[in-house]
Amino acid sequence: LTGPESTFAGHALWYYIAEVYGPEVIPNLLYMSKISRSVESGFLFVLGQSLDGVIESAQKYYLAKYISDDGQRKLPESEALKIRTKKTRTYQRISLSPDAEFVAFTSNELGQYKVWLHNVQKRKTKKIMKGNFKLERIPDVSYPLLSWSPSSDILAVIYEKKGKVLLELYDMETKKWDKRELVRVEKVLGFNFSNDGKRLVISAIKNSQSDLFVFNLLQNSMRQITNDIYDDLTPSFIPNSNKIIFASNRGSDSVRVDDDLSLMMENTDLFIYDYKEKPKTYKRLVSSQDYNEKQPYALNEKYFSFLSGENGIINRYVGQVDSTISHVDTTIHYRYFTKTTPVSNYKRNILYQSMSVESRQFAEMIKYKGRYKFYIESFKDVNEEKVENTEYGNSVESKKKAAQRLLTEKGTQFA
């Protein structure tokens, strides 16, 4: 194992030792390994097993937990799209056309990226773009980025070449490309079309911070919407409005807040902002501290969908914005709140999702048994799911409860 996988494996091994033998044996293991100048001897002296034996026992331990946990979940109900994938490639992003006739996605193999177009009805896939050469290197999988115009006749692709950020528009009828350069940003992280097809909302890096921008396709001009140290990611327009729904790690809802690092959260919440009216606060939709909410799409101003790993596996959730009367003086004042409901309970993470409001369908990408799989499902097929916590989710909940219990006990002592 190499890279992040080796790190995860190491953490898993030490966690297994702490769970089975107790955390107090870890200092003894390190000490005996040091004085004997042998990791193998350290394990034999302290645990009575060789390192290979402990690793084998850890594998059996996690496999037993995994099988029990995996049996509570399922895969998407619909049949996977007939898209052939290669094990040597990684696949990123999926974008469903508004008429749900085409699915666009990207692949990367040894640093060479490709953009693919899959015809859902004809079950045919073709390559429409290729960039870079295959080389033994760490690949940049952050590009290319994809988004469809509302009329489904244009596929927009953003990528980087020779230090320039380029936007290319692929005409589905003429099969020709229209290339433009995005000059005011250093890197684009995500983007989506407006409902009229004349604007793009873009999450991009400028001056080493990620902010939101609106790009006017007719005027070829860029307008900056946010300007602070907080991350503003995966933006999209709410249909038929100037409001933008996005994920951010900002701790404060105020627009004019100082760049205070203490207000930067570890995970992202969901926000709405009207870039034309410029209100003084961002409207926070979902608030959490232990997990990310990401890739939001709005059906309208009341309903939206997003991905969250609340239970330990990234699933799809639907949010509903509602209101209640908070108080009455000369006028009636309302308090707004959001109710979220899980609508999937999958065995694996949803890596990417894309939504078509027009066709009432969404597309998603999942990796299962070493293969990437692509699915399209209808909104009407989505029902409320009871999402069971994974072992990880249970451990997070246990830690939260323990921390709350400790605070309660301290409060009682000083009362």
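## Close-up views of a predicted model

View 1. With a relative accessibility of 38%, K126 counts as partly exposed. You can find K126 in strand β4, which covers residues 124-131.

**View 2. Helix α4 and its buried residues.** Helix α4 runs over residues 51-70, and its 20 residues reach 28 Å from the first C-alpha to the last. That is close to the 28 Å expected at 1.5 Å a residue. Look along α4 for its buried residues, among them G53, V54 and A58.

View 3. The side chains of D70 and R348 meet in a salt bridge, at 3.3 Å from N to O. D70 lies in helix α4 and R348 in the loop between β20 and β21, so this pair ties together parts 278 residues apart in sequence. Both D70 and R348 are buried. In total, the structure holds 17 salt bridges.

**View 4. E109 and its salt-bridge partners.** E109 forms a salt bridge with R89 (3.4 Å, N to O). E109 sits in strand β2 and R89 in the loop between α4 and β1, so the pair ties together parts 20 residues apart in sequence. E109 and R89 are both buried. Salt bridges with shared partners join K86, R89, E109 and K134 into one network. Within it, E109 and K86 have their closest N and O atoms 3.8 Å apart.

**View 5. F374 inside strand β23.** F374 belongs to strand β23, residues 371-378. Because its relative accessibility is 0%, F374 counts as buried. The C-alpha atoms of F374 and V103 are separated by 9.2 Å, although these residues are 271 residues apart along the chain.

Note on methods:
Residues are numbered from 1 along each chain as its sequence is written. This is a predicted model: local features need pLDDT of at least 70, side-chain atom pairs count only at pLDDT 80 or more; totals for chains, interfaces and linings use all residues. Side-chain values use heavy atoms; hydrogens and water are left out. Helices (H or I, at least four residues) and strands (E, at least two) are DSSP runs, numbered from the N terminus. The expected span of a helix is 1.5 Å times one less than its number of residues. Buried means under 20% relative accessible area, exposed over 50%, partly exposed in between (1.4 Å probe, protein chains only). A salt bridge is a side-chain nitrogen of Lys or Arg within 4 Å of a carboxyl oxygen of Asp or Glu.
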